[in-house]
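Subject: Structure for your review

Dear colleague,

Please find the structure below, with its sequence.

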Protein chains: 2
Amino acid sequence: MSPPPILPSLAERAASLDAADPLAPLRKRFILAEYCTYLDGNSLGALPAAVAPALSDAIHRQWGTDLIRSWNKHDWWQAPQRVGDTIGRLIGAAPGQTLAGDSTSVQLFNALNAAVRLRPGRRVLVTDPAHFPTDLYIADSVARLHDLDVRLVPARALPAFLADYGDQVAVCAYGPVDFRTGELHDMAVATRAAQAAGTLMLWDLCHVAGAVPVALDDMAVDLAVGCGYKFLSGGPGAPAFLYVAKRHQSAFDPVLTGWNGHARPFDMNAYYTPGEGMERARIGTPAILSLLALEAALTAFDGVDMADVRAKNQSLTGFFLDCADVLLEGQGFECVTPRDPERRGAQTTLRHPEAYGLVQALAEHGVIADMRAPDLMRFGFNALYVSHHDALTAVRVLHDVVTAGEHRHERHRRTGPVT
Amino acid sequence: MSPPPILPSLAERAASLDAADPLAPLRKRFILAEYCTYLDGNSLGALPAAVAPALSDAIHRQWGTDLIRSWNKHDWWQAPQRVGDTIGRLIGAAPGQTLAGDSTSVQLFNALNAAVRLRPGRRVLVTDPAHFPTDLYIADSVARLHDLDVRLVPARALPAFLADYGDQVAVCAYGPVDFRTGELHDMAVATRAAQAAGTLMLWDLCHVAGAVPVALDDMAVDLAVGCGYKFLSGGPGAPAFLYVAKRHQSAFDPVLTGWNGHARPFDMNAYYTPGEGMERARIGTPAILSLLALEAALTAFDGVDMADVRAKNQSLTGFFLDCADVLLEGQGFECVTPRDPERRGAQTTLRHPEAYGLVQALAEHGVIADMRAPDLMRFGFNALYVSHHDALTAVRVLHDVVTAGEHRHERHRRTGPVT
């Protein structure tokens, strides 16, 4: 089919934006599949070039040759702190407050339980009804263990809720970006409201770490968690991270008292004595291969200013929405992501009743996005490897698919889960 | 120094035992460091040859090229069940009862909490005072959450204790092998005693999985956990596993309610509905690279009969102790491992006041063992890659080191943690 007449000017704009992009050279730090426009880095980041050589070394030289001695010789033992501090630099956390390991669900469970113990007597845990499911499930589980109430309060209503009931709230658990719509909430406003109420603020940074500059220390956030496999591109199921503000560490009282968190783990004492500082947030023996893959992946951020990352993903998402305005008009799409660049993360979401078939058909043309039931198509923009040309390609292919009705073909009928 | 006169006959015996060893060809399934006698597979198993190609494929083709689609295309989603069932075959568990992922500490925490919920009203948790530290710490943590008492009862005293107080006990958490001495407890006797008392039996199989045949289903064990990095050789910090007997699964009520355990995880519901069977024991997104490394490592057990593995490690440990009897006599060593082959795992432990320096000095000669404070030297025997020649080499070098006093050299003074 012939391109709509507006296309040449959008292509020129993409070329011009890409030519002026200071981060364009970073694309070389990733191994990108040919003939693939990858806009699902908000779910699984692309493969950084540094990962394979690092894991080859970890397997052959460290595990295979140096064997058990690698815990000291290659400092596997300090890997959770080392990788944690590297992530800390991307989220505004000074060293000694961030630890990498386990899954977001596990870190969140440990953090929420500890938060409840830090605020004894307060019987309410507040979270966002639109939060990622695991955050809701873990909040319910922690509340059940400690006989607390869970109150579901939308992010924008949190300050008003805390003004009325804050003195009963132990902890507020929120995510800065709505994983469905891509809306970015104001972390500073919510955090200040929590502080005013004497409650703890716990942020789940899964959808912002590596995409949006976060100033945990400056905002005086209490606790944070996040995953390693979205914008940090640490690999499938990459270890998560936990941030505990320095001022809370000596009272951080974990329920997951694994031996790695003991003050003197190799004394093999029968009683748990929590380690100093973040050491006590360690749990069991960390999955070293996945952890070293994440560490290698994070070198893609070496020398990168998060302000540039943010400016670029705002430009990418804005350009994508501009392209959608002109190329997808009248095709049944609704943009559910805020148009104000300050109010959106590194993701755009289009609503369409045939989202499932559309995402499948896009993939056939090499454009990888994802969908969230029942009708949302998500496009993630990792500023380290996505170009404005990619954004235009995605919209152009979506236009072609929807006008040709390819998404209604039998082969795109939904049969199983979509990840 | 010249070898003692007895050495030639021990060397002949080693050669003859190795020549008759049906498992000797399995050594080729591992990449063993040259000039290294590796007797620390009870802490970190050696590198199976299948791991590097599997991880290369996982990185380049699966993650790098197929990207997010690999969750379905390469069935990352089912990896915890798939790897779990593979481990299940080594521990006497029929499919659908074993799940791989997370760390032993995390799995144990989830299992113990669920056990307490399966036995409401029973206020005591019993465990072994000689248990691995993490097991003791997690037991204390779970008891604190549920306001239970922890009673420390040595494994051999458990039946008598349960006969008196069993009706108050929710769960008994034990390990079949004492990690310090290598003593193997009678799992069947303890499990029967628990059953008679109506309490749940939870075994930590870290030191037996892949080394000692375990018959979880036949013994009607209730719950079990274990790690992937010792005799299973899954790599540093390899994912752990959890076994929940089929009959308990529908009532298994996890505290770690991560989204992967939801009945319909991709519906992204706000409320947790536990999945069918073992699905509900899943937590967060699993560390796929470490999990696929473990899966590849387990192919070293393909076609291997665990009875042969057990016969060989009994032969190896017995021969090691025989060598120690003749070569280390009068040098201050005490064997703390039972001489009865039915009462020891795949490990021998020698007590010596200078254990630390001795282990360091051994390593300089390429013999890798480990120590547990303050005075225990541990030697692990993985039947898949250790030979009787290795056992003799270790004792011979130990004899040379101790008679020459090498272990007292300044460079072997203890300075930091030993893993």
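Domain bounds here are those of an automatic or database domain assignment. For chain A, this assignment gives domain 1 (7-31 + 304-412) and domain 2 (52-301).

The model is predicted, and local features need pLDDT of at least 70, side-chain atom pairs count only at pLDDT 80 or more, while totals for chains, interfaces and linings use all residues. Residues are numbered from 1 along each chain as its sequence is written, and chains are lettered from A and ligands numbered from 1 in the order in which they are written.

The two domains of chain A

The C-alpha centres of domain 1 and domain 2 of chain A are 30 Å apart. Their contact takes 23 residues from domain 1 of chain A and 15 residues from domain 2 of chain A; two residues are in contact if their C-beta atoms, placed from the backbone, lie within 7 Å. On the side of domain 1 of chain A that touches domain 2 of chain A, helix H12 (306-327) and strand E12 (347-351) of chain A each supply at least two residues. Helices (H or I, at least four residues) and strands (E, at least two) are DSSP runs, numbered from the N terminus. The largest share of that side, five residues, comes from H12(A).

Chain A as a whole

Chain A has 14 helices and 15 strands. Its radius of gyration (taken over C-alpha atoms) is 22 Å, close to the 22 Å that the globule rule gives for 419 residues, so chain A is as compact as a globular protein of that length. The globule rule is 2.2 Å times the number of residues to the power 0.38. Along its principal axes, the C-alpha trace of chain A spans about 75 × 60 × 40 Å. Of the 419 residues in chain A, 58% are buried, that is, 20 or more other C-beta atoms lie within 10 Å of their own, with C-beta atoms placed from the backbone.

The contact between the chains

Chain A gives 71 residues to the contact and chain B gives 72 residues. Among the elements giving two or more residues to the side of chain A that touches chain B are helix H2 (51-66) and helix H5 (104-118) of chain A.

The nonpolar core

A nonpolar core is a set of buried Ala, Val, Leu, Ile, Met, Phe, Trp, Tyr and Cys residues joined through C-beta atoms within 7 Å. The largest has 297 residues, and those with the most contacts inside it include Leu112(A) and Val171(B).

Technical notes. Buried ≥ 20, exposed ≤ 12 C-beta atoms within 10 Å, placed from the backbone.
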